[in-house]
Amino acid sequence: MIRIPHAGLVLVAIAGRTWAQDFNVDVGETGTQPTASYAAAGLAGVWNNVRANHVAPFTPGPTASDDMLVGVDGNPTGVGFHQYGGMDHVTASDPSVTGNDALLLHDHLATHSLTLESCMYLNGLENGTYEVIPYGWMPNTPGTNQLVRFDDHPGSTLVGASWPGAHVEGVTYSRDIIEVTTGHIGFHVGIPSGGAAFPGAGFNGFQLKLVAGAPV
């Protein structure tokens, strides 16, 4: 029995697959991101620190202003991130939140438009199945809800309430499973129906984990 062709196919398949792309991203001023030991509701690892400035003109595709992300291992990747819509960078101090939780949640990007959400775009991803955890929580405003939704994905989620002492789904974050087929994810954080332009809707950051790669 000749086994060499089979072995060659296995080697080609392994060589053709990139490693998992897992990311932690904190929105805020330079140097305000959590430490790498912090997992929040996802994986521990290096946190990208991005300001998430409004990038115009609108495009969901890559831009020259993209923040190029490092993975949770700290290594550079070809994945870029930019945001369109949210324009108010807010830093506050909520005494109920401390430590790394505070570093993630005390600063946020806000939209004050009832019709324009903060729109997040990721490009350059490996195709596959991803778990995405967006954080939408406003310090000192426990009655404020954020509406989180994904492009080409049914439904939306309301996020918000008083800090319960630890991250809880539906309070500080939502969790969605997203299939990526074009290297792209788009998601949005906005003011829900009946919400107010002030304080608006806040976006603190997100975590992304590759659950399963696309078939080779």
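On a 1 Å grid over the protein atoms alone, a cavity is a set of points where a 1.4 Å probe fits but cannot get out, and a pocket is an open set with protein on both sides within 12 Å along at least five of seven lines; residues with an atom within 4 Å of a point count as lining. Grid points are joined across faces, edges and corners, and the volume is the space filled by probe spheres set on the points.

The model is predicted: local features need pLDDT of at least 70, side-chain atom pairs count only at pLDDT 80 or more, and totals for chains, interfaces and linings use all residues. Residues are numbered from 1 along each chain as its sequence is written, and side-chain values use heavy atoms, with hydrogens and water left out.

Cavities, then. The whole structure has two of 30 Å³ or more. Strands, by the way, are DSSP runs of E, at least two residues, numbered from the N terminus. β5 (88–91) and β6 (107–111) each give at least two residues to that lining.

The second largest cavity also comes out at about 40 Å³. Phe23, Asn24, Leu43, Val72, Glu131, Ile133, Gln207, Leu208 and Lys209 line it. β1, β8 and β14 are the elements giving two or more residues, and β14 has the largest share, three.

What is the volume of the largest pocket? About 220 Å³. Among its lining residues are Phe150, Asp151, Asp152, His153, His184 and Ile185. β11 and β12 each supply at least two residues of this lining. By class, the lining has four nonpolar, five polar and three charged residues. Here Ala, Val, Leu, Ile, Met, Phe, Trp, Tyr, Cys and Pro count as nonpolar, Asp, Glu, Lys and Arg as charged, and the others, Gly among them, as polar.

Last, the packing. A nonpolar core is a set of buried Ala, Val, Leu, Ile, Met, Phe, Trp, Tyr and Cys residues joined through side-chain atoms within 4.5 Å, where buried means under 20% relative accessible area with a 1.4 Å probe, protein chains only. The largest core has 26 residues, and Leu122, Leu125, Ile185 and Leu208 have the most contacts inside it. Strands giving at least two residues each to this core include β7 (118–123) and β12 (184–190). Apart from that core lies another, of twelve residues, including Trp137 and Tyr173.

Conventions
Buried means under 20% relative accessible area, exposed over 50%, partly exposed in between (1.4 Å probe, protein chains only). Helices (H or I, at least four residues) and strands (E, at least two) are DSSP runs, numbered from the N terminus.
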